[in-house]
Amino acid sequence: MSDLSALFDRPDAPQTPAYVYDLDELDRSYAALRAALPGSAELFYSLKANPHPEVVAGLVAAGCRAEICSPGELRVALAAGADPAGMLYTGPGKRDADLAEAVRAEVGLFSVDSPYGLDQLDRVARTHGTGVRALVRINDDTPAPGQGLTMTGVTSQFGADVRWMLDRPELFGPRPHVRIAGFHLYMGSNVDGEDALIAQFTQSVETVRRLAAASGTYPELIDLGGGFGAPFARAGARPDLPKLADRLTTLLADAFPGWPREGPRVAFESGRYLAGTCGTLVTRVLDVKRSQGATVVVLESGIHHLGGMSGLRRLPPIVPDLVTVDAAAGPPQPGTVVTGPLCTPLDTWARAAVLPRVRPGDLVAVPNVGAYGLYASLVAFLAHPMPVEVTVRGDRIIAMTRLELTRHTVIGSDRG
Ligand SMILES: Cc1ncc(COP(=O)(O)O)c(C=O)c1O
């Protein structure tokens with residue numbers, strides 16, 4: 001990361017609060033994950049982690065395909081130069097209009113979660129006089145261990161239960177306008193360490209083999225998901241995965257003789273590992289006071305800029321690390337309450353943080369929030385300005401933008 005205090009001290013310094021995305025770090029994360037996967041593996045960037053146009057463009061330019069799940073993500077991915085034929089459109093419920101937009105854009109591959117989903121995709125493709133390919137998403141029998149957030153092996157909107165697919169394979173077969181290209185598995189997010197990753201991939205490969213054996217056809221593509229963990233709102237480095245590529249190659253070669261020359265193509269998805277460490281939220285202290293014996297620090301940023309979804313169990317509850325950006329900050333003060341400016345007591349990041357002594361006007365920063373930061377927060381609540389988003393390479397500012405949320409477009413009115 002470029003020197004933050006220098007970045008915020010120069011004449012063209014970004015306003016605060018600001019999300020700073022370090023594009024060099026983004027490149028390094030891509031290189032690290034690529035090196036952790038078998039050479040022939042395909043890699044999707046999951047835009048849900050951070051759809052900022054330059055983050056997406058950086059990862060597409062590096063070699064990622066786009067995993068998208070909404071019209072907004074589709075448009076960002078197209079504008080970033082992603083090849084629609086290489087995109088994967090996912091999500092457990094899709095509106096006809098959204099599928100139609102994707103089909104018109106020539107998106108090549110859809111993850112489908114049910115027989116109805118296959119019928120719906122077939123209907124939309126037929127209306128457009130075209131054919132598409134689908135991966136059937138699998139809800140595996142048991143959750144894999146070591147997950148930050150379980151998304152399989154439980155009653156779920158994601159995927160079709162293995163038992164259902166084994167009992168009624170005809171429901172999951174091709175449709176006139178939909179070719180079944182293979183399977184999609186995504187066991188959970190923020191999986192901690194190589195052993196846990198290998199355990200879930202082993203389970204997924206075994207499930208694919210069971211399904212393929214039962215149906216008598218081998219898939220052409222298996223998307224094994226990912227869940228590659230990374231620090232979130234805490235100081236620390238992205239984990240090294242030094243043996244993962246070799247262990248995956250062995251696993252896949254054992255499961256599919258002749259792999260990778262023969263057998264299915266294999267894909268992985270990542271949002272957090274690719275984008276997490278490139279982002280830092282820089283925000284200013286608005287007030288410092290004593291309340292009932294504790295120090296309370298009120299910041300420009302709160303749950304509208306970081307962490308709103310943690311309350312919904314989308315992410316583990318966060319207690320963000322705050323590091324000072326200004327040299328002026330004093331010695332650490334334990335037991336500090338850290339809040340945002342919103343008119344709700346829920347807007348509290350920490351009740352007993354150890355924070356350097358700060359004063360109004362000081363700058364503080366939360367590291368490792370390039371994924372599920374701004375775009376997973378309650379941004380519209382109370383209509384505060386959105387943070388500036390700054391992309392940097394070294395000490396060069398590449399671009400500064402701000403999303404505008406408070407403009408209402410009239411789409412209907414009876415006012416005459
Ligand atoms: C289907 C699917 N793919 C990819 C991801 C991205 O996960 P991560 O950002 O942890 O890599 C998610 C996250 O929930 C997901 O549901």
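In the predicted model, helices α2 and α3 pack with their axes 10 Å apart and at an angle of about 40 degrees. Angles under 35 degrees would count as roughly parallel and those from 65 to 115 as roughly perpendicular, so α2 is oblique to α3. The crossing of α2 past α3 is right-handed. Helix α2 covers residues 23-35, and helix α3 covers residues 53-62.

On the α2 side, the contact is formed by Leu23, Leu26, Asp27 and Tyr30. Helix α3 contributes Glu54, Val55, Gly58, Leu59 and Ala62. Sorted by class, the residues of this contact are six nonpolar, one polar and two charged. Leu, Val, Ala and Tyr count as nonpolar, and Gly counts as polar; the charged residues are therefore Asp27 of α2 and Glu54 of α3.

The arrangement of domains was examined next. According to the domain assignment, the protein has domain 1, residues 23-274, and domain 2, residues 277-401. A distance of 32 Å separates the C-alpha centres of domain 1 and domain 2. Contacts between them involve 21 residues of domain 1 and 24 residues of domain 2. On the side of domain 1 that touches domain 2, helix α2 gives the most, with five residues. The residues on that side of domain 1 comprise nine nonpolar, six polar and six charged.

Conventions:
Residues numbered from 1 in each chain as written. Predicted model: local features only at pLDDT ≥ 70, side-chain atom pairs only at ≥ 80, totals over all residues. Domains from an automatic or database assignment. Contact = placed C-beta atoms within 7 Å. Helix = DSSP H or I, 4+ residues; strand = E, 2+ residues; numbered from the N terminus. Axes fitted to C-alpha atoms, helices over the stretch in contact; angles between N-to-C directions. Parallel < 35°, antiparallel > 145°, perpendicular 65-115°, else oblique. Left-handed = near helix turned anticlockwise from the far one by under 90°.
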